[in-house]
Amino acid sequence: MYRWYRRILAGLVLLFCGYNFAIYNQEGVSLGAAASDGAFLSAKAMRGADLWQDSNCVACHQLYGLGGYMGPDLTNVMSHPKKGPVYVKAFLNSGIRLMPKYHFTDEEQDALCQFLVEVDQTGYYPLRTHTRSFPGWVDLQYKTISSGSP
Amino acid sequence: MNRRIASGFILFGLLALCLGLLAGLLATVQIMWPPFLKPFLGFHQIRPLHVSCMVGWIVLVATGSVYAFGIRKQGLPRWAQRTAWVHLALFSVAAILIVFSYLGAFMGGREYLTFPPVLIIPILLGWGCFGFVFFKNRREKSPVPVYVWMWGTGIVFMVYHLIEAYLWVVPQIRILFIRDITVQWKAYGSFVGSWNMLVYGLAIYMMTRVKGDSKIAHSREAFFFYFLGLCNLMFGWAHHTYVIPTAPWIRVVAYVVSMTEWIVLFHLISGFIKTVSNEEVGAFRPVIRFLKAADIWIAMNLLMALGMSIPALHIFTHGTYITVAHAMGSTIGINTSILMGALFLLAIDLKPSEKKLHLKGFWLFNLSLAGFWLALISAGLIKVISVAKEPEILFSQLHQAMTPSYHSMALFGVGIMLAIFRIIWPLFSIFFHTFRATEVNSEEA
């Protein structure tokens with residue numbers, strides 16, 4: 001019996017290796033419409049991502065609903081008709097009761113906004129439009145990304 | 001020697017628990033009244049402090065318990081003893097630096113591992129030391145009981161997934177945002193699965209000790225549970241990421257696999273509780289009470305988790321306090337109950353004649369946790385309903401609507417904290433004296 005257990009374990013580990021390989025290499029093929037040149041972060045957005053992490057923005061804000069709940073989700077804040085870069089920078093500069101004032105330079109604010117712009121291009125959240133194609137299943141609406149930064 | 005090293009890890013874990021509870025309470029007060037401590041210790045510092053301490057409590061006590069129950073008692077080679085002490089020293093240095101990094105707002109990591117990335121190096125080296133000692137000196141030889149498989153699996157996968165959680169430092173991974181966030185949450189989901197292997201292994205070990213019957217740990221049912229848990233660890237993580245536009249097959253696999261393991265754990269513990277006799281209860285009463293509590297929390301969380309794993313429901317609960325209720329029910333209700341049981345079992349082993357080892361604060365703990373859990377669910381439901389009625393509702397309006405839930409969370413949070421302090425108070429001195437004892441005295445204890 002224990003020999004069988006070892007075989008099952010070996011089989012699962014092999015399956016896990018193949019599964020991980022597919023996940024780590026999911027650019028292009030498996031991301032479907034979401035993967036194009038525009039899905040790759042620009043150097044400026046990468047700088048913004050660093051600031052996002054260094055300031056621990058995720059303690060309060062979410063991207064795709066993942067993060068803390070002290071502030072709103074920012075996945076699509078840049079494409080929102082009433083929000084966008086000016087709105088975000090106003091919060092960064094002044095702070096509010098819930099959010100501290102940040103002393104970012106103009107270059108840093110631009111980088112942070114660029115990161116949010118490029119995150120915005122990857123998809124939709126919250127999910128306002130989706131289809132239920134199978135009992136309990138949800139098909140997501142994918143965003144088509146144009147090449148280059150906006 | 002392994003009792004001293006175990007006591008070192010457990011004391012360390014108990015300190016992390018106390019600090020984590022305090023940070024959790026401060027964070028709740030800050031949610032209700034944001035100016036509180038804001039200029040000195042912002043929410044972006046308190047939250048990671050709370051999370052790291054609570055993760056530390058689970059991981060450190062699980063590690064200490066495996067040192068106590070899983071490593072052979074006699075004839076442990078000197079290199080293994082030294083390696084175990086190096087493990088404790090590495091974790092201690094990392095923990096102190098992590099706490100100071102939060103207090104000084106030096107971060108740079110990501111959610112749940114917010115500390116500067118370089119601090120993962122001593123943690124990984126510590127896990128390497130643990131694996132080296134465990135695999136070379138495990139107590140149980142062939143046929144190996146299922147809990148030893150679980151502990152070994154937990155150690156190996158913990159190392160793997162901690163490394164995976166830092167793949168973002170590789171620019172080629174990080175540059176594609178969707179892949180990056182997917183790998184990050186894959187690592188976190190499986191990281192939790194890895195510590196669950198350690199903790200659930202302890203639950204099965206406790207059942208064999210109380211019953212005095214090792215058949216439970218060699219049964220086909222137990223191994224079925226182990227492999228199902230392993231499948232969840234490997235493939236079940238993606239229920240966290242249903243809403244991220246990853247490849248559909250990743251989400252389909254998660255949907256099929258997710259959350260089946262608890263059904264079997266519930267079945268195992270329930271079966272054990274039904275068969276345990278009054279005679280067997282005896283000195284193990286505190287251990288059994290915590291196993292029963294864990295069983296009830298598994299049942300409550302199972303229902304919620306299965307619901308949340310259905311994508312059509314998940315899109316409503318995702319990003320709300322219902323997710324937090326699921327996390328708190330798992331980490332406090334299930335993991336903490338099992339770990340408390342393990343601590344009482346080890347305390348009974350160390351001081352069988354200890355008269356003061358009565359369990360106090362048990363009901364306050366469970367009732368406060370139930371209140372806290374319901375308060376979180378109510379906050380989540382308020383968001384779900386408010387957003388359904390008014391999709392463009394302002395965040396400040398949502399925050400205002402959830403205020404009664406926040407007050408309840410603070411009240412029941414205080415209850416949980418007081419109850420835990422009451423439960424662990426008699427344990428502190430036992431583990432402290434064991435840690436300070438000479439090696440000969442420790443082995444005699």
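Apart from neighbours within four places in sequence, Leu98(A) is in contact with Met70(A), Gly71(A) and Pro34(B), two residues being in contact if their C-beta atoms, placed from the backbone, lie within 7 Å. The model is predicted, so local features need pLDDT of at least 70 and side-chain atom pairs count only at pLDDT 80 or more, while totals for chains, interfaces and linings use all residues. Residues are numbered from 1 along each chain as its sequence is written, and chains are lettered from A and ligands numbered from 1 in the order in which they are written. Leu98(A) belongs to the loop between helix H3 (85-94) and H4 of chain A; helices (H or I, at least four residues) and strands (E, at least two) are DSSP runs, numbered from the N terminus. With 18 other C-beta atoms within 10 Å, Leu98(A) is partly exposed. On this scale a residue is buried if 20 or more other C-beta atoms lie within 10 Å of its own, exposed if 12 or fewer, and partly exposed in between, with C-beta atoms placed from the backbone. Between the C-alpha atoms of Leu98(A) and Asp73(A), 25 residues apart along the chain, the separation is 14 Å.

Chain A contains four helices and four strands, and its order along the sequence is α-α-β-β-α-α-β-β. Of its 150 residues, 32% are buried. Among contacts in chain A with a separation of 6 or more, 59% are between residues 24 or more positions apart. The domain assignment divides chain A into domain 1 (1-30) and domain 2 (36-139); such bounds come from an automatic or database domain assignment. The C-alpha centres of domain 1 of chain A and domain 2 of chain A are 34 Å apart.

Within chain A, H2(A) and H4(A) pack with their axes 7 Å apart and at an angle of about 100 degrees. Axes are lines fitted to C-alpha atoms, for helices over the stretch in contact, and angles run from 0 to 180 degrees between N-to-C directions. H2(A) and H4(A) are therefore roughly perpendicular to each other, given that angles under 35 degrees count as roughly parallel, over 145 as roughly antiparallel, 65 to 115 as roughly perpendicular and the rest as oblique. On the H2(A) side the contact includes Leu51(A) and Trp52(A), and on the H4(A) side it includes Leu112(A) and Phe115(A). The contact of H2(A) with H4(A) is made up of seven nonpolar, two polar and four charged residues. In this classification Ala, Val, Leu, Ile, Met, Phe, Trp, Tyr, Cys and Pro count as nonpolar, Asp, Glu, Lys and Arg as charged, and the others, Gly among them, as polar.

Two loops of chain A have backbone features of note. Asn56(A), in the loop between H2 and E1 of chain A, has a positive phi near 50 degrees and is not a glycine. With 25 C-beta neighbours inside 10 Å, Asn56(A) counts as buried. In the loop between H4 and strand E3 (131-134) of chain A lies Pro126(A). The peptide bond joining Tyr125(A) and Pro126(A) is cis, with omega about -5 degrees. Most residues other than glycine have a negative phi, and most peptide bonds are trans.

Between the chains, 53 residues of chain A are in contact with 46 residues of chain B. The elements of chain A that each supply at least two residues to this side include helix H1 (2-24), helix H2 (43-54) and helix H4 (106-120). H1(A) gives the largest share, eight residues. By class, the side of chain A that touches chain B has 31 nonpolar, 15 polar and seven charged residues.

Chain B has 18 helices and zero strands. Along the principal axes, the C-alpha atoms of chain B fill a box of roughly 65 × 50 × 45 Å. Buried residues account for 52% of the 445 residues in chain B.

Leu202(B), in helix H7 (residues 177-211) of chain B, counts as buried with 26 C-beta neighbours inside 10 Å. Beyond residues up to four places away in sequence, Leu202(B) touches Ala62(B), Ser65(B), Ile338(B) and Ala342(B). Tyr112(B), in the loop between helix H3 (78-103) and helix H4 (120-137) of chain B, has a positive phi of about 75 degrees. Tyr112(B) counts as partly exposed, with 17 C-beta neighbours inside 10 Å.
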